[in-house]
Amino acid sequence: METARLNEIVESYPTPTGKILGILEQVQREDGYLQKDVLKTLAEKLEVPLSELYSIATFYSFFTLEKLGRHVVTVCMGTACHVRGAPALADTLKALLKVEEDETTQDGKFQLTTADNDFTVTSARCFGACSMAPVLRVDNKIFGYMTPERIPAVLKQFGWEEDTHQNA
Amino acid sequence: MGCIGYCREEPLVNIHLPGKPLIILHRVTEKDAEEIVRAVAAGEVPRKLSLCRINDWDPLVGEKLLFGEGFQDVPAYAEIPYFAPQRKVVLRDAGLINPEDIDEYIAVGGYSALYKALTRMSPDDVIEEVKASGLRGRGGAGFPTGLKWGFTKKEKSSTKYIICNADEGDPGAYMNRNEMESDPHMILEGMLIGAYAIGAREGVLYIRAEYPLAIQRLEKAIGQARDYGLLGENIFGADFSFTLTIAEGAGAFVCGEETALIASIEGETGRPRPRPPFPAQKGLWGMPTNINNVETWTNIPVIINRGGAWFSKIGGERNSGTKVFSLVGEVDRVGLAEVPLSTPIRTMVYDIGNGGIEGKAIKAVQTGGPSGGCIPASLFDTPMDYEHLTAVGSIMGSGGVVVMDAGTSMVDTARFFIGFTNEESCGKCVPCREGLKHMLMILDKTLAGKATETDMQTLEELSGVIKNASLCGLGQTAPNPVLSTLRYFRDEYNTLLKKARK
Amino acid sequence: MTIQITINGNPCSSEAGESVLTIARREGVEIPAFCHDETLAPYGACRMCLVDVVSGPKKGVTTACTLQAMDGLEIITDTPEILRLRKVLLELYLAQAPKSKTIKALAAQHGIKKTRFAKKVHPEDPLQGQCILCGLCVRVCRDIMGAGAISYIGRGQFTEINTPFYEENDACLGCGACAQVCPTQAIAFEDITGTRVMKSWSETKVPLKQCAACGNYFAPVPFTAYAYEKLDPAIRDEIRDLCPDCRRKEMTRKAILLRAEGVGR
């Protein structure tokens, strides 16, 4: 992120209320992740220790320290989605996009990016779209009443082709 | 337009022809557009798409809306089984007004309660009225709202804050999202009245970042209210000024806890702080602070306008008013249903929800999110209110009702919730951080068929320790899904145990 | 205002609002606690100081460190329920910090020899399998020293304490206050000719200051800068650049000189 843009974001918070998280959220939205250099610049600008910003960046699940893919596919892992089959959606996505987990964390959370950086598959706790469970979100678009069978059609809308990823 | 809450039938379309009832069309698709336009042009409505008609509507705080007569063959709103048992107080405007237009809110009596409070009532009068209503916190704990306001009011400080907790974090619950998206001004009005009563000049709306539309609509509502002089200096000419800021949450369930929420607004990680001092004494930026949930705030205008006595007649004993529940999971009619408190679970699941999908038998409901418990079908006469749900090992929480049919494994459900709270634990105190981790390990072992009776005892003992020794509400309630399933569905655990499988 | 509270049946006087843990310790009542230090605000994380309030505004189990004294408050520190909770907590600590002698000793005191829970395995743990995440190091570094060199990383069971990005951090003063307050002696640092290496904190290196008189290395450079700033300028100029030994010698020499002058007069 350009310094000028970063300054703009910082200046858009005239009061300290909600400032630090608000700035980091905006950076996350625009850059797709929180870069080390940006955090260092911000620590100086905001006069807070870098350790605090790093702590925040690793505490809140909205933030990532690694760049996400061009499209982010999020599987809702809320209760309604869980009982209506979200785990199968996650498995199907991982298989279709050929992303493997290095290690399965105990909490079942994951964030996996394809080799060509086209897609990141991740999970979220609840979108509040429970009536359409189970739900997927691709970028900002919500897809309700999902089934594993419908996933390829959804991915195709975002430029996914069955074969290109076969050998990725 | 906002949402009337019958999510199963969506997308819905409202049609109002002059002098005719308001017609709600359901399950509308793009292909239906032409037919709808043709019908409307002929002064008609497409019958096969019509869900119901509304001849008139009582917005409770303003004059009755008279839409008109006719279309008698379309069922009336009150005849629709999904709506019949409901009582709309909080969601009275939802789906009927444009949430992005302050004029529509004002047209249905909006901001008249604020006017009444500022011009005819003292701050103490307002607090007394809220006390008289019996309103209790809708975030889940059920603390009397009027009493809570009194704590912050009595603090002597030139700066005080009020906060709206819109970090709706319970998975399977989305009533706050609809309240914000369908009627943002009602929240603003509630907060303004609260600020006046408490003596706060500044307010913060803490909204989870996962709700972009809610954030957008509230930003718009704040802008409109500012243009109308309803936010700013000397509102309605009274000696009362108020500003409102939106702060976004960043994905941490624990930030629903008041002290963690405050830490988050202050730009820290959301680790709960010890109480005392309570937020009412030292909250945001060290100043007296009052925090209420979205739905608590939305109840305030109608209480001021119709009176606490009127409000207290709705619902059950010590449980006045209505509650919006999100009815989801393995249930036929999913949606947001608002009913008087103390309505039996049965009414919710069978009358409103029409039972299981394709007639499947229902095994249990899970209420209260990760802090709640699973209630078996044999206890569906339990009234849905603070005391009765607690008595059966669950809680009311923020209003999530997840229905589970016979196909759902209760051990897997318990594991799901412990997985959730384990992931969302802030990690500050040892019982929650370490205890939940080990509970999860035991549950995984159980699901893998490798657990023993001793493991079950350890699971139960750990649950008790986490409940009693944790720092904040997240840990203190996290074992509930396990405790309630152990209580009602012990046989499901037993069949998974090692010796039973030999 | 002096008030009366009762601990285990014995009346004690204290100031209103004082922490019950502080009072109990002053009165010689033993209550274990890992995350408490008198110089820092009560934190309520380790849960070891749980006590039972039998008479007070809110009855039941709560932490003594966060409990404020008020007239008529009555607590018991060793009910069967408290001891039972404490034992399970110690089992959790044994699993989390299996290498900690402090934890083992306290557990043994409570009759716990082993834990039922799976022990945490972390072969390259910079905190040597001894950290219990009490947060004292983080708080002393930030709140007392004003450095904020280390912080919590992540959340829940994956929480760790270290420098940002697990890299050397020049915010570290090298003061070692973190190691000083650590209840389980988990934090390691070493002085190697002219450099202090904070082994637990991503090998952060801090230069040591050489004594102007004897040439020995005696304190981290950034820490002396921090400390000198807080000192009275008159004293500061007298002791600047001297190690504690040489400082003492210098002071003694000056005192003798002063007295000699006095006698002379």
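Predicted model: local features only at pLDDT ≥ 70, side-chain atom pairs only at ≥ 80, totals over all residues.

**Stop 1: the domains of chain B.** Colour chain B by its domain assignment: domain 1 takes 7-79, domain 2 takes 102-311, domain 3 takes 315-405 and domain 4 takes 410-501. Where they touch, five residues of domain 1 of chain B meet eight residues of domain 2 of chain B. On the domain 1 side of that contact in chain B, four residues are nonpolar, one is polar and none is charged.

**Stop 2: the largest nonpolar core.** Which residues have the most contacts inside the largest nonpolar core? Select Ile193(B), Tyr206(B) and Met348(B): they are the ones, in a core of 259 residues. Next, highlight helix α7 of chain B, residues 184-198, which supplies the largest share of this core with 10 residues. In soluble globular proteins, nonpolar side chains tend to be buried together.

**Stop 3: around Met348(B).** Centre the view on Met348(B) and leave out residues up to four places away in sequence. The residues Met348(B) touches are then Phe325(B), Leu327(B), Ala337(B), Val339(B), Thr343(B), Gly353(B), Met384(B) and Val401(B).

**Stop 4: the domains of chain C.** Switch to chain C, where the assignment gives domain 1 (2-78) and domain 2 (80-121). Taken over C-alpha atoms, the centres of these domains of chain C are separated by 23 Å. Nine residues of domain 1 of chain C contact seven residues of domain 2 of chain C. To see the largest share of the domain 1 side, select strand β3 of chain C (residues 50-55), which contributes three residues. By class, that side of domain 1 of chain C has five nonpolar residues, one polar and three charged.

**Stop 5: where chain B touches chain C.** Bring both chains back into view and select the contact between them: 24 residues of chain B and 26 residues of chain C. On the chain B side, pick out α14 (410-424), α15 (430-447) and α16 (453-469), the elements of chain B that give two or more residues to it.

Terms used. Residues numbered from 1 in each chain as written. Chains lettered and ligands numbered in written order. Domains from an automatic or database assignment. Contact = placed C-beta atoms within 7 Å. Nonpolar A, V, L, I, M, F, W, Y, C, P; charged D, E, K, R; others polar. Core = buried A, V, L, I, M, F, W, Y, C linked by C-beta atoms within 7 Å. Buried ≥ 20, exposed ≤ 12 C-beta atoms within 10 Å, placed from the backbone. Helix = DSSP H or I, 4+ residues; strand = E, 2+ residues; numbered from the N terminus.
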